[in-house]
Amino acid sequence: MTPPEADDVSGRAQARLRAVLREALTRDLSHRIDDATAQAGPSVSASQRRDVARAVLDTARTAHTEAELLAGRALLDTATEQQVTEQVLDEVFGLGGLQPLLADPAVETITVNRYDRVFAQYTDGRRAQVAPVAASNDELTDLIRTLAARASSEERRFDRGSPALNLQLPGGERLFAVLGLTAGGVTACTIRRHGYLTATLAQLRRRGTLDAGLERFLRALVRARRNVLITGGTGAGKTTLLRALAAEMDPMERLVTIEDAFELGLERDPALHADVTALQAREPNIEGEGAVDQAELVRWGLRMSPDRVIVGEIRGAEVIPMCNAMSQGNDGSMATLHASSSKIAFTRLASYAAQGPERLPLEATALLVASAVHFVVHLDRAADRGTRVIASIREVVDAEDGAVISNEVYRRGADRRAVPVAGALRTDTLDDLVAAGFDPDLLARREGWWAP
């Protein structure tokens, strides 16, 4: 067992090395980058910048080792020196103490209750406490501010005047952080990873999210230009399913996506989606001006000649312009919504509409939703609590007495997976789906097509 005093010596030595390396980067990196730019041209890539930083650190580390020898102090072993070097590089170019967690593909969600109270949820459903992601609350706050500065060209404040931050990390993960609002006033954040930045219905079938019949049914919904609302709880896979449905669209269709923070990323693959304008809401500046919410973006998006409008997540007043878009010629539009079931989605939409500036009454909201949304697809976890599955699909039929009337055409069956309901789909809808390539015999198997 290593004596405690040896750990103290090693800890002090690591702290001295870390301070030297940080100081060297602060002092020398910008000059070395300028030299590299002069040689390589006007742009230096992120990997080139990291290589330059590594060279700066190697020089500083060698000088530090010589100084430690002259001072008669114990030296760190080579592996520890290299570990400290990588940590400093991650702080400058990566995600600091979050980097090891985000580098682990098995980590699905990271919850940071404070800098040294960190938990990870894994893809197999396990949850465990992990190492601290920062040395102090101030360091964690500075890290999040750095991430915000890198994430967008738009101003993303994170201070007492703007204590909440919502953004997408470089790897596509979604970060939400709060400052000064928790017990003890510490900074806290949650990071959710989307395991699949691109997805197709066929891939989701292979992963167990849907069966062969649902794959064909959803593909026909897209091709028949039905408006679809995807519902589910947090982490249910709504965005992934939305990406998979979008992958079934014609690559040359004109898409406008509306998001609170960039997450969908349909514009990243021109071969799959050639004509995409991705819009992101904007928070007010330090003077409290310049805010643009999702509701306004939907209205603006309709002026950009879209074939389909896609809202990453309906959160409030954008429900009315989104329903207007769906009912005024932009057929095949889609959105996601947090809801615990496919049926309760209509109540959630009504509550958002009632809280919006239009203050629509329940009867008007029901009529608007019934004229706009054709299908609600609900995601849940299977009985194993790990696999994300489609659990229910509802067809919207009409509105009556302030309520949206719907038929559940796929309902939860064994293992919480959706199975078809015979005769529930309206005849004219089935005819349209058949015209879009759907085989009606796929609805005849009561247990669905989940078995291989």
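## The pairing of β12 and β13

Seven bridges join β12 to β13, and the two strands run antiparallel; strands count as paired if DSSP finds at least two bridges between them. Helices (H or I, at least four residues) and strands (E, at least two) are DSSP runs, numbered from the N terminus. Within this pair, D380 has V389 of β13 as its bridge partner. The two strands form a hairpin with six residues between them, and R385 in the turn has a positive phi of about 65 degrees.

This is a predicted model, in which local features need pLDDT of at least 70, side-chain atom pairs count only at pLDDT 80 or more, and totals for chains, interfaces and linings use all residues. Residues are numbered from 1 along each chain as its sequence is written, and side-chain values use heavy atoms, with hydrogens and water left out.

## The surroundings of β12

β12 also pairs with β7: four bridges join these parallel strands, and L229 stands opposite V376 in β12.

Seven of the seven residues of β12 are buried (under 20% relative accessible area, with exposed over 50% and partly exposed in between; 1.4 Å probe, protein chains only). One side carries F375, V377, L379 and R381, and the other V376, H378 and D380.

## The largest nonpolar core

A nonpolar core is a set of buried Ala, Val, Leu, Ile, Met, Phe, Trp, Tyr and Cys residues joined through side-chain atoms within 4.5 Å. The largest has 42 residues, and F217 and I393 are among those with the most contacts inside it. Elements giving two or more residues to this core include α7 (212–223), β12 (375–381) and β13 (388–400). The most comes from α7, with six residues.

Beyond its neighbours within four places in sequence, F217 is in contact (heavy atoms within 4.5 Å) with residues including F375, I393 and V409.
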